[in-house]
Amino acid sequence: MNALATGAADAIEIRNLVKRFGAFTAVKDVNISVPAGSFLVLVGPSGCGKSTLLRMLAGLEGPSEGEIAFVGQTVSSGAGGVIADAGRRNAGLVFQSYALWPHMTVAGNIAWPLKVARWPREKRDRRVKEVLALLGIGALAERYPAEISGGQQQRVAIARTIAPEPSILLFDEPLSNLDAKLRIEMRSELMRIHRATGATSVYVTHDQVEAMTMATHVAVLNNGRVEQFGKPIELLRNPATTFVATFLGTPPANLLPARRVADMFVFNDTPLTSGSIAPGHDAVQLLYRAEDVSVGAVADKPSVTARFAEAAPIAGRTMVTAMLGELRITGMAEGYFSAMPGDPVTLSFIRTPDAVFAVSGERITQ
Amino acid sequence: MTFISTFAPSGGRRLLRSGFVMPAILVAIVAILVVAPLARILLSTLTPEGIAAWQAVLVSPLSFNLWWRPLFNTMVLGFGVASGCLILGGFLAWLVVLTDVPGRRLLGLMGTLPYMIPSFAAALAWGTLFRNSRLGGSAGFFETNGLAIPDWLAWGLVPTAIVLIAHYYSLAYTIIAAALSSVGADLVEAGQMAGAKRPRIFFGIILPVVTPALIAAASLTFAGAVANFAAPALLGLPVRMQTLSTRLFGMIETGQNERGFVLALLLIAVSALFLWMSDRIVSGRKAFVTVTGKGGRTKRFPLGAWRWPLFAVAVTIGLLTTVVPVLVLAASSLAPQSGALFSNWTLHFWIGEGGGEIAQGQAGIFRNPVLIDALWNTIRLGLVVALTTMLLGLALAYTIVQRRGSLLATILSQLAFVPLLVPSIAFAAAYIALFGAPIGPLPSLYGTFALLVIAASAHNLPFAVQSGRSVLGQISADIEESARLTGAGLLRRLFAIIFPLAIRGLFAGAILVFVKMVRDLSLVVLLFTATSPVLSMVAYRYAAEGFMQFANAITLVILIVCLAASFLAHGLQNRVQKWKQP
C-alpha cells in the first residue's frame with residue numbers, strides 16, 4: 001500500500017525480465033512500463049516469447065531474472081519467483097482457447113471466480129447480469145459452452161474475466177480463433193470494454209493490424225527481445241530496426257539494399273539517393289514506403305524495371321507488387337491497374353527514403 | 001429381415017444405383033449373428049418348460065439359491081469391484097497425468113498391463129498363495145509356511161473381488177487417464193487466475209469435467225465384474241459361492257438348459273440396466289466435449305516430498321498386479337508340492353514323461369496330446385476370429401460411414417453394438433439356444449469349432465465396428481477423392497490407397513482380438529467340447545480338478561502366446577508403414 005501513496009508508480013513495470021526453459025531463453029532482458037489505463041499490445045511472430053511474457057504477468061510462470069511490479073508492488077522476481085499468486089494479482093486472463101469450464105453454464109462460468117472471491121450472493125448475481133448485458137449475451141446465461149458458437153464463447157470468456165473487476169486485463173491472442181469479420185467486430189468490442197472498465201490491458205497478438213488499431217503502447221518482440229517499444233504511430237514513423245519497419249504497416253514497407261558508388265547509394269545499378277544520408281556507411285538498407293513508390297516512369301525520379309507479380313485495389317488506388325530477382329517491391333498506382341504476371345513494370349522512387357538502416361538492421365540516425 | 005422391407009420404399013432408385021446387395025448381406029449377417037441368438041434364447045424361455053423355469057428361478061422355494069443369493073453376490077462383486085477400480089485406477093491416473101511423479105511413463109505402462117493378463121491367471125495365482133486347507137488338498141504358499149489364512153481371505157467374495165479389481169482397474173485407469181489428459185492446462189489456469197486453491201480447482205473443475213469418464217469407468221468395470229466367470233468359478237465355487245454367471249454355467253452344464261437360459265436373460269438384464277443407466281447419466285446436455293488447450297498441454301501439480309513415496313505405492317500396485325502373479329504361476333509350475341513354491345523345482349509339469357510319482361502319473365503339458373491340440377486350436381481360433389472380426393468390422397464400418405444418416409446405417413450401428421450389453425457367458429448361452437439343436441436341414445453346430453468362431457466374431461462386433469470406423473477415419477475423404485480424380489477404379493484405389501493406409505489400424509485391431517480370444521474363458525466355457533478344446537478351458541479343467549501346477553503352466557503358455565503376438569505386432573507394424581517410422 002505504500003507504493004500507492006507515491007502515486008507515480010506505473011500500473012505495470014517490467015524490469016530486466018529474463019525467462020529460460022532449460023538451455024532455451026524465451027524472454028531476454030525485457031524492460032517495459034505503462035501507466036494505468038493503457039492498452040499495451042505485445043506483437044511479434046510466433047515463438048517470439050510474447051505469450052511467455054504474458055504468462056509471467058499473469059503469475060502462471062515465474063521469471064528467471066528481473067522483476068515485475070504492479071503499481072509499485074513487486075509481484076514476481078527472478079530471486080523470489082512468483083511472489084503474488086495468479087489469483088492475488090487483481091489481474092484477469094482471457095485465454096486463446098477461451099478455457100471455459102465445460103461443466104458450468106455461461107452464468108456459472110462467470111459466477112465461479114466471484115464465488116471463489118467470496119462475493120455475497122446478491123452482489124454476485126447482480127454483477128453476472130451486468131457483465132452479461134455488457135457483452136450482449138444475456139440470452140445465453142443458461143447454456144453450456146458446448147452449445148454456443150465460437151464468437152459467443154469468446155464473449156463469455158471476456159465476461160468471466162472482467163466480472164471480478166480486475167485492475168489488469170491480460171489477453172492471449174483472443175481473436176485468433178475467430179473468422180475475419182467477427183475479428184474486426186470483436187476488436188471494437190474489446191476497445192469498448194477497455195474504455196468501460198478502465199483496466200490496464202496487455203494484449204498479445206501476432207497480427208500487426210490489431211496492434212496498430214487497439215494499442216496505446218506497442219512492444220514489438222522478436223526472438224525474445226523487445227525490438228522497439230512506444231506509441232503505435234511513433235513505431236510506424238520511426239522504426240528502430242528493419243524488423244519493426246517491415247513487420248508493422250499495411251502494405252509492408254520496401255527495404256532496398258544499396259551500396260555507395262561515388263557520392264550516391266546505388267540499388268541494382270540505379271542511383272537512388274545521396275550518400276550523405278548515411279555518412280561512413282558503404283552499404284545500407286533503404287526504407288521506401290509503398291506510397292513513395294509510383295508505378296510508371298516519373299520525370300527526374302530514379303526508377304527500376306521489375307516483373308509484375310500481383311495487384312490489389314485499395315481505396316481507389318492499386319497496390320502493385322513486382323519482383324526484382326528475389327526481392328519484392330510494392331508500389332501504388334492511381335486508379336485500377338492490371339497486368340500479366342511477368343510483364344515488365346517500371347517503379348519510380350518519388351521521394352527520398354523514409355529511413356536508412358545499416359546492413360545489421362539498426363537504424364542510422366541522420 | 002424386416003429391416004430391408006421398411007427401408008426399401010424410401011428410395012428404390014437410389015438403392016439400386018448404389019449397390020444394395022452388400023448392405024443387405026451385412027444386415028442379414030448381423031441379424032443372424034446378434035438378433036437371432038438373442039431372440040431364440042428369449043423364445044426358448046416362453047415354451048411351457050421355459051415358463052416353468054421362470055417360475056422355478058423367480059418364485060419357488062429354489063429361487064433363493066437359484067436367483068436371489070447369486071444376484072446378491074453378483075451385485076456385491078459388481079459394486080465392490082467398480083469402487084475398487086475407481087479408487088485404484090483413479091489414483092494411478094491422477095498420479096501419472098496430473099502430477100510430477102517420477103517415472104511417469106513406466107507407471108503409465110504398468111497401469112495398462114494387468115488388463116492384458118487374463119483374470120483367471122490372477123485367480124490361480126491367488127489360490128496358489130492363499131489357499132487354505134479347509135477343503136482338503138494341498139494348502140497354499142502362506143499356510144504351508146506357517147501363516148494361517150482365514151477362510152474369508154482364501155475363498156469366496158473377498159478374494160474374488162480383489163482378483164477382479166486387480167484385473168479391471170487398468171481398464172478404469174485407461175479411461176480416467178485419457179479423460180484427465182484432455183483437461184487442458186488452460187482450464188486449470190483459468191481457475192488459478194480466479195484465485196482458487198488446489199483443492200477447489202480439483203473438486204470444482206477437474207473432477208466435474210472427468211465425471212462422465214468416471215461413470216463410464218465404473219459402469220464398464222461393473223459390467224466386467226458381473227459377467228466374469230473365471231474368478232468366481234475358481235475362488236467361489238469350491239465354497240459354493242455362486243454368482244449369476246457361475247449359476248448359469250452350472251445349470252447348462254447339468255442339462256437344465258431352460259433354467260440356464262432364464263438366468264442368462266436375467267444376467268443380460270442386470271448388466272444392460274447398469275450400462276444403460278450410466279449412459280443416461282452421462283448423455284444429454286452435460287455430455288460436453290472438453291475444449292483442449294494449446295497443444296493439449298496438461299497442468300502438472302508438484303507433489304513435493306510425496307513424490308517418491310507415492311511413486312513407491314504406485315510401483316507396488318503395478319508389481320502386485322502384473323509381475324507377482326506371473327512369478328507365482330511360474331514358480332508353481334516348477335514346484336512339485338504346491339505349497340513349497342521355491343523348492344525341489346522340476347520341469348516335470350512342462351515336459352515330464354507320464355507314469356511317475358508326481359501329478360498322479362500325468363505327463364507334462366508338452367507331452368500331452370490334448371494340450372498340443374488345444375494350443376493349436378487356440379491359435380487357430382484366435383487367428384480366424386481376428387480375421388473374420390476385422391473384415392466384418394471394416395465392411396460394416398464402411399457401409400455405416402458411407403450411408404451416414406440413413407436408416408440402414410442407424411440399424412447396422414445399433415445392432416452391432418448390442419453384444420456390448422451382453423455378458424459373454426450369457427451370449428454363449430444364447431448361441432447354445434440357437435445352434436444347440438439342428439435347424440431344418442442344418443446339423444447342430446454345438447461343440448464345433450465353427451460355432452466357437454461364429455459366436456466369438458459376433459461378440460467382438462462392437463469392437464470390430466469401432467476399430468473399423470477409426471481406421472476409416474484416418475483416411476480422409478479427400479485422399480480417396482484425389483485418387484478418384486486421377487481416374488483410378490475402385491479396386492485400384494482399394495489396393496493402392498485405402499489398404500496401405502488402413503493396414504496398421506487393422507493389424508492393431510486384429511492383434512487385440514487375437515489376444516482377447518486366446519485368453520477368453522467365459523465365452524468358450526459353454527461352447528467348448530472335448531473335440532474342440534482350447535487352452536483356457538483345459539487350464540480351467542485342470543484347476544477344477546486340483547492339478548494347480550498344470551493349470552498354472554498352461555496359463556503361462558497363454559500369457560506367452562499373448563505377449564508374443566503383441567511383440568510380433570509391434571515389430572511388424574513398423575515394417576508395414578515405413579513412412580511412420582521415427
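Predicted model: local features only at pLDDT ≥ 70, side-chain atom pairs only at ≥ 80, totals over all residues.
Helices (H or I, at least four residues) and strands (E, at least two) are DSSP runs, numbered from the N terminus. Residues are numbered from 1 along each chain as its sequence is written, chains are lettered from A and ligands numbered from 1 in the order in which they are written, and side-chain values use heavy atoms, with hydrogens and water left out.

**Backbone details in loops of chain A**

- A:Arg118 sits in the loop between helix H3 (106-116) and helix H4 (121-135) of chain A. A:Arg118 is not a glycine, yet its phi is positive, at about 60 degrees.
- A:Arg118 counts as exposed because its relative accessibility is 73% (exposed means over 50% relative accessible area, with a 1.4 Å probe and protein chains only).
- A:Asp300, in the loop between strand E16 (293-295) and strand E17 (303-314) of chain A, also has a positive phi, near 65 degrees. A:Asp300 is exposed, with a relative accessible area of 81%.
- A:Thr250 and A:Pro251 are joined by a cis peptide bond, with omega about -10 degrees. Look for A:Pro251 in the loop between helix H9 (242-247) and strand E12 (254-261) of chain A.

**A sheet in chain A**

- Strands of a sheet pair through backbone hydrogen bonds, either parallel or antiparallel.
- Six strands of chain A form an open sheet in the order E7-E8-E9-E3-E10-E11, with mixed pairing (two strands pair if DSSP finds at least two bridges between them).
- Strand E7 (91-94) and strand E11 (225-230) of chain A are the edge strands, each pairing on one side only.
- Strand E10 (residues 217-222) of chain A pairs with E11(A) in the antiparallel sense over five bridges. A:Leu221 has A:Val226 in E11(A) as its bridge partner.

**Two helices in chain B**

- Helix H3 (residues 21-44) and helix H20 (residues 407-417) of chain B have axes that come within 10 Å and cross at roughly 25 degrees (axes are lines fitted to C-alpha atoms, for helices over the stretch in contact, and angles run from 0 to 180 degrees between N-to-C directions).
- H3(B) is therefore roughly parallel to H20(B), a label for angles under 35 degrees.
- Residues of H3(B), including B:Leu26 and B:Val30, meet residues of H20(B), among them B:Leu412 and B:Leu415; contact means heavy atoms within 4.5 Å.

Conventions:
Buried < 20%, exposed > 50% of the residue type's maximum accessible area, 1.4 Å probe, protein only. Parallel < 35°, antiparallel > 145°, perpendicular 65-115°, else oblique.
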